[in-house]
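Dear colleague,

Please read them with the structure open beside you.

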Amino acid sequence: MKNSPEYCISGARVIDPSASTDGIGWLRVHNGTIAEVGLGAMPAFDGPVVTGTGLILCPGLIDIHVHLREPGGEHKETLETGCQAAVAGGFTTVCCMPNTTPALDNIEIVKDVLQRGAAIDLCRVNVIAAATVGRQGRELVDMSALKDAGVVAFSDDGDGIEDDDVCREVMKKLREIDRPLFPHCEFKMISKRGVMHAGPTCSRMGLLGYDPRGEELMIQRDLRMVLETATRFHVAHISTAVGVGMIFRAKQNGLPVSTEVCPHHLLLCDEDVVGADGKPDPNFKMSPPLRSRDDVKACIEGVLDGTIECIVTDHAPHTADEKQAGFMDAPMGIVGLETSLACAAKALIWPGGFGWPDLIRCMSTNPARILGLEGGTLQVGEPADITLIDPGREWTIRADAFRSKARNTPFDSWQVTGKAVATIVGGRPVYLDDSFKWFAGQTR
Ligand SMILES: [Zn+2]
């Protein structure tokens with residue numbers, strides 16, 4: 001791909017939620033940073049010009065919840081294939097969850113992931129470290145040292161921190177070092193390690209039910225501790241109506257809380273788990289599971305009213321063999337990096353009531369603000385991390401065309417509208433859709 005120290009992108013719909021900008025305009029990149037941005041006609045410029053007509057130009061998308069499987073899960077995904085999938089989905093920054101083998105719970109392993117992520121040189125790679133050693137929920141990791149190594153948040157994702165005393169200690173320490181807790185809220189004693197949402201479909205299929213109270217009760221307990229400790233608190237992948245209601249009230253009471261939802265929890269419910277053949281499909285199995293229709297409705301409403309301010313993928317690659325183990329035995333999780341934008345648009349924009357600026361706020365500006373990351377803005381002087389989106393592009397999701405190593409998606413063969421056509425990190429195009437020509441409008 002051709003690079004240039006200086007170029008302009010012209011004629012695009014420039015959307016920057018951080019400045020409430022939305023209008024046809026242009027942007028100039030110089031030495032990897034945003035040098036100038038404006039609405040209206042582009043001033044005279046004697047350099048290469050990328051034609052952005054018909055496209056949205058926005059701050060690069062940021063996914064703060066991905067599983068890139070290194071170390072220990074390289075057969076499912078690697079940092080390299082995960083970053084390839086991310087940029088193809090329009091993401092300029094990702095944050096890796098620590099439930100790897102071994103867990104991302106010490107400086108050496110965190111530095112290794114950060115260094116190798118940087119060496120791949122596609123999107124920016126951040127690390128969310130484990131909150132407890134080995135994610136065992138007993139002994140705290142060295143949070144101060146991990147913060148100094150660049151860790152942006154802490155989570156035992158995959159598991160909740162069940163012990164009250166340990167959770168309180170984690171929150172106190174995080175308050176002290178000013179890093180957020182990013183919890184996977186689930187009491188496994190209560191969710192009972194079920195395989196799908198406990199409801200009528202689950203009963204009819206005779207499967208082990210995944211009780212939503214596991215999520216609800218841990219959010220409730222944690223919010224009491226947030227009140228006590230004033231720790232910044234970002235609930236991972238919320239999925240229940242009761243949970244959304246609790247976050248809504250906590251925010252009204254002024255607690256420093258935020259949350260996120262995955263596109264699959266906005267588009268699919270427990271009834272969808274059963275395929276046309278009458279059998280449950282392992283590509284519809286994840287944690288938290290697909291919930292009831294009422295839960296889906298509550299999650300959508302939560303995004304619309306701002307209770308849920310981030311959309312994340314929870315990108316969780318598994319091999320075809322692993323997923324073919326049958327619904328009971330297949331591992332939890334689905335991939336999402338290459339489908340997230342189009343699926344979120346399908347859930348939120350096309351039904352009406354939610355605009356592209358709203359979606360970009362949830363997929364870039366808010367995630368950056370909550371974790372204190374670079375990006376999420378088109379402010380002059382910031383790194384030129386930019387996504388160009390063709391909002392009208394109709395396409396068919398093809399799992400076999402993914403750049404991810406994995407194919408485990410419930411969205412294979414779905415017809416969707418809206419696609420990232422160029423992903424630019426530090427001014428450099430790291431992904432260009434086949435349909436898109438860089439410097440197509442070059443005039444000299
Ligand atoms: Zn999780």
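At what angle do α4 and helix α7 pack, and how far apart are their axes? Before the reply, two remarks on how to read everything here. This is a predicted model, in which local features need pLDDT of at least 70 and side-chain atom pairs count only at pLDDT 80 or more, whereas totals for chains, interfaces and linings use all residues. Residues are numbered from 1 along each chain as its sequence is written, and side-chain values use heavy atoms, with hydrogens and water left out.

The helix pair

α4 and α7 (residues 213-229) pack at an angle of about 40 degrees, and their axes are 10 Å apart; the axes are lines fitted to C-alpha atoms, for helices over the stretch in contact, and angles run from 0 to 180 degrees between N-to-C directions. That angle makes α4 oblique to α7, given that angles under 35 degrees count as roughly parallel, over 145 as roughly antiparallel, 65 to 115 as roughly perpendicular and the rest as oblique. The crossing of α4 and α7 is right-handed, the term for a near helix turned clockwise from the far one by less than a right angle, with anticlockwise giving left-handed. On the α4 side, D164, C167, R168, M171, K172 and R175 meet R221, D222, M225, V226, E228 and T229 of α7, where contact means heavy atoms within 4.5 Å. Helices (H or I, at least four residues) and strands (E, at least two) are DSSP runs, numbered from the N terminus.

The zinc site

The zinc ion is coordinated by D157 through OD, H184 through ND1 and H237 through NE2, at 1.9 to 2.3 Å. Donors are N, O and S atoms within 2.8 Å of the metal (3.2 Å for Na, K and Ca), and since water is not among the atoms, sites may look incomplete. The spacing of the donor residues in sequence is D-x26-H-x52-H. D157 lies in the loop between β9 and α4 (164-177), while H184 lies in the loop between α4 and α5 (188-191), so this pair ties together parts that are 27 residues apart in sequence. D157 is buried, at a relative accessible area of 2%, and H184 is buried as well, at 4%; buried means under 20% relative accessible area, exposed over 50% and partly exposed in between, with a 1.4 Å probe and protein chains only.

The parallel sheets

β6 is joined to β7 (residues 91-96) by four bridges, and L61 has F91 in β7 as its bridge partner. A second open sheet, of three strands, has the order β12-β13-β14, again with parallel pairing, and its edge strands, β12 (233-235) and β14 (310-311), each pair on one side only. Three bridges join β12 to β13 (residues 257-261), where S258 is the bridge partner of H234.

Two buried residues

I238 is found in the loop between β12 and α8 (241-252) and is buried, with a relative accessible area of 0%. Leaving out residues up to four places away in sequence, I238 touches E215, I219, G243, V244, I247, T259, E260, V261, H265, C299 and I308. S340, in helix α12 (residues 340-349), is also buried, at 1% relative accessibility, and apart from its neighbours within four places in sequence, S340 is in contact with F91, P263, T313 and M363.

The strands around β1

Eight of the 11 residues of β1 (residues 6-16) are buried, so this strand is largely enclosed by the rest of the structure. Nine bridges join β1 to β2 (residues 21-30) in an antiparallel arrangement, and in the hairpin that they form, with four residues between the strands, S20 takes a positive phi near 55 degrees. β1 also runs parallel to β4 (residues 49-51), through three bridges, and to β5, through two bridges. β5 (residues 56-59) is in turn joined to β15 (residues 386-396) by four bridges, running antiparallel, and eight bridges join β15 to β16 (residues 415-425), also antiparallel.

Kind regards

Key
Pairing = 2+ DSSP bridges.
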